[in-house]
Amino acid sequence: MQVIAISDAEFAQFQRFIYEAAGITMADAKKQLVTGRLNKRLAVYELDSFGAYFKLLKSGLHPNEVQMAVDLLTTNETYFFREIKHFEFLRTLALKERSRPQPFRVWSAASSSGEEAYSIAMVLADCMQTTPWEVLGTDISTRVIDGARKALYSMERGRHIPPEFLKRFCRKGVGPYEGQLLVDRSLRSKVTFRQVNLNATLPELGQFDIVFLRNVMIYFNNQTKREVVARVISTIKPGGYFCVGHSESLNDITQAVKMVETAIYRKGA
């Protein structure tokens, strides 16, 4: 396959494209990433420039290709039990709430390939006893959402799963699936995945006891952060919690929640 170079002007077009589609501010250093991820799409359409591919995306004639481009340009990096302090906090909260009759609901708002959502589910399955609970995982990328629903991961991706959870909630692959793990069906049945763009009006999702939106806002400018955070906070129950990445902060972004621990905020009752 011929590798086609991207000009500065063409790269600027894709910077605007991904900002308008997903609210992501793409640094100039990502030029090589754009070239590498989109070259195959130029080959599919037999195009000789990124400018021609951009025109195809903006023509309105290929909505599925627009989603494909968004999928390829959004970075999806995660693993099970990433930033363990949040899961320890979730466990403490779940133990306090496990005697209530109404469902305990958690939203993994940028769930990528699903490891965060399933990590949440493992904690709740261990803590909630007879209290009903559910986890929603969402992402802008339909590609990673499809992968999350399959719940099939390399054993290496599961290295941070506590041993007792690995034994209880995961199945070791054999034969053609050797070296992989599958999240158990009983756990998968409690986790729902759907495609949601946080940079647009949210669909009806209901209210949540705690929302995880971690390691995503670093890709947004301040105005986009304020808009996304306001949308997400509107889905949190009064007195509910909001977890962001440990390298992120809501200072100067919103006054609707107050920090209670590092990277953990609470909405006013």
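Residues are numbered from 1 along each chain as its sequence is written, and side-chain values use heavy atoms, with hydrogens and water left out. Because the model is predicted, local features need pLDDT of at least 70 and side-chain atom pairs count only at pLDDT 80 or more, whereas totals for chains, interfaces and linings use all residues. Helices (H or I, at least four residues) and strands (E, at least two) are DSSP runs, numbered from the N terminus.

Helix α3 spans residues 50-58, and its buried residues are F50, G51, Y53, F54, L56 and L57. Buried means under 20% relative accessible area, exposed over 50%, and partly exposed in between (1.4 Å probe, protein chains only). The buried residues of α3 pack against α1 (8-22), α2 (31-44) and α4 (63-73), where contact means heavy atoms within 4.5 Å. After α3 comes G60, with a positive phi near 80°.

Two packed helices are described by the angle between their axes and the distance between the axes. For α2 and α4, the angle is about 145° and the axes lie 10 Å apart. Axes are lines fitted to C-alpha atoms, for helices over the stretch in contact, and angles run from 0 to 180 degrees between N-to-C directions. The crossing of α2 and α4 is right-handed; a crossing has this hand if the near helix is turned clockwise from the far one by less than a right angle, and is left-handed if anticlockwise. On the α2 side the contact is made by L33, V34, R37, L38 and R41, which meet E65, M68, L72 and L73 of α4. By class, this contact of α2 with α4 has 6 nonpolar, no polar and 3 charged residues. Ala, Val, Leu, Ile, Met, Phe, Trp, Tyr, Cys and Pro count as nonpolar, Asp, Glu, Lys and Arg as charged, and the others, Gly among them, as polar.

Helix α6 (residues 115-127) has 13 residues and reaches 19 Å from its first C-alpha to its last, close to the 18 Å expected at 1.5 Å a residue. The expected span is 1.5 Å times one less than the number of residues. Since 11 of the 13 residues of α6 are buried, this helix is largely enclosed by the rest of the structure. Among the buried residues are Y118, I120, M122, L124 and C127. Q129 follows α6 and has a positive phi near 55°.

An open sheet of 3 strands has the order β3-β5-β4, with antiparallel pairing. Strands β3 (152-154) and β4 (170-172) stand at the edges with a single partner strand each, so one side of each lacks a neighbour in the sheet. The twist averages 30° from one strand to the next. Strands pair if DSSP finds at least two bridges between them; β3 and β5 (residues 180-183) pair over 3 bridges, and L152 has L182 of β5 as its bridge partner. V183 is also found in β5 and is buried at 0% relative accessibility. Not counting residues up to four places away in sequence, V183 touches Y118, A151, Y153, F169 and R188.

Strands β9 (residues 257-261) and β10 (residues 264-267) run antiparallel and are joined by 4 bridges, with E261 partnered by I264. Their hairpin has 2 residues between the strands, and A263 takes a positive phi near 65° there.
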